[in-house]
Amino acid sequence: MNVRISHTASAQKFLEDASGLLNDQGNPRAKALIYRILRDSVNIIEDLQVTPQEFWKAVNYLNELGTRQEAGLLVAGLGLEHYLDLLMDAEDEQAGKAGGTPRTIEGPLYVAGAPLADGFARLDDGVDPGVVLFMQGQVKNTDGTPLAGAVVDVWHANTGGTYSYFDGSQSEFNLRRRIVTDAEGRYRFQSIVPSGYGCPPDGPTQQLLDQLGRHGQRPAHIHFFISADDHRHLTTQINLDGDQYLHDDFAYATRDELIARITFSDDQQRAAEHGVSGRFAEIDFDFTLQSTAQPQEQQRSERVRALEA
Ligand code: MBD
Ligand code: FE
C-alpha cells in the first residue's frame, strides 16, 4: 500500500509555510530553493516509500559527512561537480564561447595564497622521495598570442596521494605554488611525480561509494587555476597518461585534451642540465585562454576555500 498525501491542499500549504513562502521576511531565492527541495524530498519519500529508518540513516549520514568535512568530496564522487562543468560547457557553446583549454573540476583540496614566484618555482620541499618532475609550458590566447604576466596557480598530491594542509604531516604549501609567466608567457616548475588520490577508506564518501559498487580512486593529476588580465579564468587539471585510473576517475575529471604525456628519463646529461641526478620525468603542457572584457569572468567562481581571504 503506497499512501500519498503530497498532492493534497493541506500538504502543499504546509510545505509553503515551512519554506517561508507565506511570510514577507527572509530571502526569496532561499525560499524558492528550499520549497523545491522540500517538494522533491517528499516526492522521493512517497515514490520510493522511504522508511523512517532509512530517513534517519540519511540524516545521520549528513552529520557524519559534515563532521568529516567530506561534502565537497561526495559531490565530486557523485559526478555533480563534473555535471556543473558539462552545463557550463553547454552554456559556453550556446553563447559562442569556443576554443581554449577545457575546464575540469576544481575538487575540494585547493588552498588559497600559495607562494608567488616569477617564471619558475620548485613545488616540493624535498621530503618526498618521489621521481623528480619538470613541467613547463606556455600560457596563450586562443589566437596564439603568448600571455606574459599570467598566473599559473598549481597544486597536486604527494606520492602518498595526499595534499598539504589537509594532510597535516606535510609542510605548509608543499606542492602548491603560484607562478607568474615570463615575457614569452612561459612557466616552469620542478616537483615530484604525484600519485593518484583515494578517498579516505573509513569515511562517509567511500561508505556510500561502496553501496554503489564503485571505487573512490582518481588517476595521478595536477590541478591548475590559470588567470590573466582580460582573459577568462580557467579551472582545470592534467591527468597523467598511463595511469590505471585515467579513464576510470571516480570524480569524472578526465578529458581527452587534458591527458598529459609524461616521459621518464635516465639520461644523466639531461638530468645535469636540470641540476639534478638520477631518474626524472618531464611534462610539456600549454594552456590557452579565451579573451573576455568581463571582470567577473576573469575570476574563479566564489566558493569557500581553505585560507581564502
Ligand atoms: C582530489 O585530489 C580531487 O582532485 C578531487 C576532485 C576529489 C578528491 C581528491
Ligand atoms: Fe586532486
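## The cavity

The structure holds one cavity of 30 Å³ or more, where a cavity is a set of points, on a 1 Å grid over the protein atoms alone, at which a 1.4 Å probe fits but cannot get out. This is a predicted model, in which local features need pLDDT of at least 70 and side-chain atom pairs count only at pLDDT 80 or more, while totals for chains, interfaces and linings use all residues. Residues are numbered from 1 along each chain as its sequence is written, and side-chain values use heavy atoms, with hydrogens and water left out.

About 110 Å³ of space lies in the largest cavity, a volume being the space filled by probe spheres set on the points. Its lining is made up of 15 residues, and G107, P108, L109, R218 and H221 are the ones nearest its centre; a lining residue has an atom within 4 Å of a point.

## The ligand and its shell

Ligand 1 sits in the largest cavity, in the sense that more than half of its atoms lie within 2 Å of the grid points. Around ligand 1 are L73, I105, G107, P108, L109, Y163, Y197, R218, H221 and H223, each with a heavy atom within 4 Å of it. This shell comprises six nonpolar residues, three polar ones and one charged, with Tyr and Pro counted as nonpolar, Gly as polar and Arg as charged.

## Polar contacts and burial

Polar contacts here are pairs of N or O atoms within 3.5 Å. An oxygen atom of ligand 1 lies 2.6 Å from a polar side-chain atom of R218, while for the side chain of Y163 the distance from an N or O atom to an oxygen atom of ligand 1 is 2.8 Å. In H221, a polar side-chain atom is 3.2 Å from an oxygen atom of ligand 1. Ligand 1 taken alone exposes 260 Å², and the protein buries 100% of that, as computed by the Shrake-Rupley method with a 1.4 Å probe.

Note on methods:
Chains are lettered from A and ligands numbered from 1 in the order in which they are written. A polar contact is a pair of N or O atoms within 3.5 Å; within protein, one must be able to donate a hydrogen and the other to accept it, and residues adjacent in sequence count only if both atoms are side-chain atoms. On a 1 Å grid over the protein atoms alone, a cavity is a set of points where a 1.4 Å probe fits but cannot get out, and a pocket is an open set with protein on both sides within 12 Å along at least five of seven lines; lining residues have an atom within 4 Å of a point.
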